[in-house]
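Here are my notes on the model you sent over, jotted down as I went through it. Have the structure open while you read.

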Amino acid sequence: MAIRKSPKLPQTSVLKQILKRCSSLGKKHGGYDEDGLPLDVPKGHFAVYVGENRSRHIVPISFLTHPKFQCLLHRAEEEFGFDHNMGLTIPCKEADFRSLTSMIR
């Protein structure tokens, strides 16, 4: 299943907004370079928060195009939306997320 396309924005625009949002979170706090990117997130990756405890995971940007990951993004959009200060939060159990990401790699 793919991300549901907004009537206003094509899918590529939605993905760009997600990445921009992820890279702009927490700029006010330490641990960020002069461009506002987290120092602990390698180039080509982004952080997501998973599970009840909101465990932080670093995943490659290439995951954004995988259909199963897009399904998670769709669920995240429905449950939390993308316009908040919580970071990109994925609504699933951490064990399920780890299982999915190990299959995608």
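1. Start with the hairpin. Strand β1 (residues 45-50) and strand β2 (residues 55-60) run antiparallel and are joined by 6 bridges. At one end of the pairing, histidine 45 stands opposite proline 60 in β2. There are 4 residues between the two strands, and in that turn glycine 51 has a positive phi of about 80°. Keep in mind that this is a predicted model.

2. Next, histidine 57, which sits in strand β2. Is histidine 57 buried or exposed? Histidine 57 counts as buried because its relative accessibility is 12%, and the cut-off for buried is under 20%. Its side chain makes a polar contact of 3.2 Å with the side chain of glutamate 94. Leaving aside neighbours within four places in sequence, the contacts of histidine 57 include Phe46, Ala47, Val48 and Val50, along with Glu94, Phe97 and Arg98.

3. Helix α3 (residues 94-104) is worth a look from the end. Its buried residues include Phe97, Leu100, Thr101 and Ile104. Why do these four end up on the same side of α3? They cover an arc of only 95° around the axis, so they share one side of the helix. Over on the other side of α3, Ala95, Ser102 and Met103 are exposed. As for partners, the buried residues of α3 pack against β1, β2, α2 (67-79) and β3 (89-90).

4. Now the core. The largest nonpolar core has 16 residues, and those touching the most other members are Phe46, Val48, Val59, Phe69, Leu72, Ile90 and Phe97. The elements that give two or more residues to this core are β1, α2 and α3, and α2 gives the most, with 4 residues. As background, nonpolar side chains tend to be buried together in soluble globular proteins.

5. Cysteine 92 is found in the loop between β3 and α3. With a relative accessible area of 14%, cysteine 92 is buried, because the limit is under 20%. Beyond residues up to four places away in sequence, cysteine 92 touches Val50, Gly51, Leu72, Arg75 and Phe97. Take valine 50: it lies 42 residues from cysteine 92 along the chain, yet their C-alpha atoms are separated by 6.5 Å.

6. How many disulfides does a search of the whole structure find? The search finds 0. Cysteine 71 is in no disulfide, and its nearest cysteine sulfur is that of cysteine 92.

Notes: Residues numbered from 1 in each chain as written. Predicted model: local features only at pLDDT ≥ 70, side-chain atom pairs only at ≥ 80, totals over all residues. Heavy atoms only, no water. Disulfide = S-S within 2.5 Å. Buried < 20%, exposed > 50% of the residue type's maximum accessible area, 1.4 Å probe, protein only. Pairing = 2+ DSSP bridges. Polar contact = N/O pair within 3.5 Å; in protein donor to acceptor, adjacent residues only side chain to side chain. Contact = heavy atoms within 4.5 Å. Arc of directions from axis to C-beta. Core = buried A, V, L, I, M, F, W, Y, C linked by side-chain atoms within 4.5 Å.
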